[in-house]
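Here are my notes on the model you sent over.

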Amino acid sequence: MTTTVDTGLLADLQKFGAADVTACFSCGNCTAICPLADNDATFPRRVIRYAQVGMKDDLLGSKELWTCYHCGLCSESCPTEADPGEFMATARRYAVASYDPTGLARILYTRPVLGTAIAVLVAAFFGTFMLTAGGLGNQDTTQLALFDFVPEGLIHWTGIAVMVLLVLAGVIGIVRMMRQVARRDGESLATTVHGREAWRRTLRAAWDSVGVESLGQKRFREDCHDDQPVEPLYRRRWVLHALSIWGFLGLFVATISDWGLALLHVKATGTPVPIWYPTRLLGTVAGLALMYGVTMFMVGRRRRWSASAATSTGSDWMLLALLWITGATGFLIEVALYLPPAPAWGYWVFLLHVSVAMELMLLLPFTKFAHVMYRPVALFFYSLAKQKRAASA
């Protein structure tokens, strides 16, 4: 198979924040110390080599990019200070931008000022659109009638439109990634869905990637240690990561469930209910988990608690800010709902909350949040390769 060499690959990668990996002379120390380099003896050294010699297709087709959790052990032990851990993080940013056909991800990663301006404009667009399309907002002063201010139907259909765009962009990115990885790993439809044995292997890989690793974070918890000595539990990266992901998923489920209850005429959306009401309890617990995880990530990046927080891009901070604003405004709305009389600021916090939440979902495929899509796919192929090695042993 012919290999195309892109001589500008390394220079392009450095726009995404990479350290100067030209210092790497392939000594193999990073591979030897990496706790995740079990059956892949040249990881992460091989990925660095792809960048050095310009093997763009091989780099983008490397599932190993996404199996790295950036614990920093490789960077701490690198004799030439090439910072392989930060290189892997940079390569993931580059991959997200490469899978994205719109070019938006590249702007958000490489042009932080313009990216921030785009984020502000997107939020302003959603806010202005919902305010004007909803009749310039009617503010009831006797009770906080949020859906008189912004009609529920308008929020619902705007959310549907955002989800359609999200799914479309996500599917395009995932398909482009899968083609790259499958071609490199020798996988195809025939090897994954044709026949009972292929289905067994595929279903096992799906469970390993989603259930065991993405949601259960097995290797992240057991094998991937950031620091020596180990961080205290309340700020370990896998704990903060789990709280953030499960908190976000919990809020999503609570929102969908609340909408479902309204469709079934059980409870109108936005109706005040006791704290122990199932959807509200789920939303409260999930919101607290999200806020704790995101806040600690922000503090950790500010104080550089670990190697993964040593370098931060504008896109990293943008994602954390959007998540934090979404969670904080949600709790402020909860407070406003129970304050007599209805506070005027509650309506504007609600508008901000909805606008930022819409923006967060719309930008998901273009920010660091995209690893929610791409990491499970990479782990799926990783499990397929592991099963193949076991079968041939």
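**Notes on the salt bridges, helix packing and surface**

1. Let's start with Arg280: at 17% relative accessibility it counts as buried, because the cut-off for buried is under 20%. Do keep in mind as you read on that this is a predicted model.

2. Who is the partner of Arg280? That would be Glu334, and the two form a salt bridge whose closest N and O atoms are 2.8 Å apart. Glu334 sits in helix 17 (residues 314-337) and Arg280 in helix 16 (residues 278-303), so this pair ties together parts that are 54 residues apart in sequence. On the Glu334 side the relative accessible area is 27%, so that residue is partly exposed, while Arg280 is buried.

3. A word on the charged pairs in general. Side chains of opposite charge can pair when their charged atoms come close. How many salt bridges does this model have? The count comes to 17.

4. One of them joins Asp185 and Lys63, whose side chains meet at 2.9 Å, N to O. This pair links distant parts of the chain, 122 residues apart: Asp185 belongs to helix 11 (residues 152-185), and Lys63 to the loop between helix 4 (56-60) and helix 5 (64-67). Are these two buried or exposed? Asp185 is buried, with a relative accessible area of 17%, and Lys63 is buried too, with 7%.

5. Together with Arg46, Glu64 and Arg184 they are linked in a network of salt bridges. If you colour one group of charged residues in your viewer, I'd pick that network of five names: Arg46, Lys63, Glu64, Arg184 and Asp185.

6. Next comes Glu187, which meets Arg201 in a salt bridge between their side chains (2.5 Å, N to O). Glu187 is in the loop between helix 11 and helix 12 (189-193), and Arg201 is in helix 13 (residues 196-215), so the pair ties together parts that are 14 residues apart in sequence. Both Glu187 and Arg201 are buried.

7. Now for helix packing. Two packed helices are described by the angle between their axes and the distance between the axes. Take helix 11 and helix 19 (residues 371-392): they pack at an angle of about 25°, with their axes 10 Å apart. Angles under 35 degrees count as roughly parallel, so helix 11 is roughly parallel to helix 19. The crossing of these two helices is right-handed.

8. While you're in helix 11, have a look at Leu166, which lies in that helix. Leu166 counts as buried because its relative accessibility is 9%. For a sense of scale, Leu166 and Val181 are 15 residues apart in sequence and 22 Å apart in space, C-alpha to C-alpha.

9. What about helix 9 (residues 112-133) and helix 18 (residues 344-362)? They pack at an angle of about 125°, and their axes are 9 Å apart. That angle makes helix 9 oblique to helix 18. Here, the crossing is right-handed.

10. Two backbone spots deserve a look. His70 has a phi near 55°, a positive value in a residue other than glycine. You'll find His70 in the loop between helix 5 and helix 6 (73-77), and with a relative accessible area of 8% His70 is buried.

11. The other spot is Gln217, which has a positive phi of about 55° although it is not a glycine. Gln217 lies in the loop between helix 13 and helix 14 (218-222). Is Gln217 buried or exposed? With a relative accessible area of 4%, Gln217 is buried.

12. Last, the surface. Phe252, Val253, Ile256, Trp259, Leu263 and Leu282 make a nonpolar surface patch of about 510 Å². Which element gives the largest share of the patch? Helix 15 (residues 237-263) does, with 5 residues. Ile256 lies in helix 15, and at 40% relative accessibility Ile256 counts as partly exposed.

Notes: Residues are numbered from 1 along each chain as its sequence is written. This is a predicted model: local features need pLDDT of at least 70, side-chain atom pairs count only at pLDDT 80 or more; totals for chains, interfaces and linings use all residues. Side-chain values use heavy atoms; hydrogens and water are left out. Patches are made of residues with over 30% relative accessible area and no salt bridge: like charges are joined within 9 Å, nonpolar side chains (Val, Leu, Ile, Met, Phe, Trp, Tyr) within 5 Å. Accessible areas come from the Shrake-Rupley method with a 1.4 Å probe; for residues, only the protein chains shown count as cover. A salt bridge is a side-chain nitrogen of Lys or Arg within 4 Å of a carboxyl oxygen of Asp or Glu. Helices (H or I, at least four residues) and strands (E, at least two) are DSSP runs, numbered from the N terminus. Buried means under 20% relative accessible area, exposed over 50%, partly exposed in between (1.4 Å probe, protein chains only). Axes are lines fitted to C-alpha atoms, for helices over the stretch in contact, and angles run from 0 to 180 degrees between N-to-C directions. Angles under 35 degrees count as roughly parallel, over 145 as roughly antiparallel, 65 to 115 as roughly perpendicular and the rest as oblique. A crossing is left-handed if the near helix is turned anticlockwise from the far one by less than a right angle, and right-handed if clockwise.
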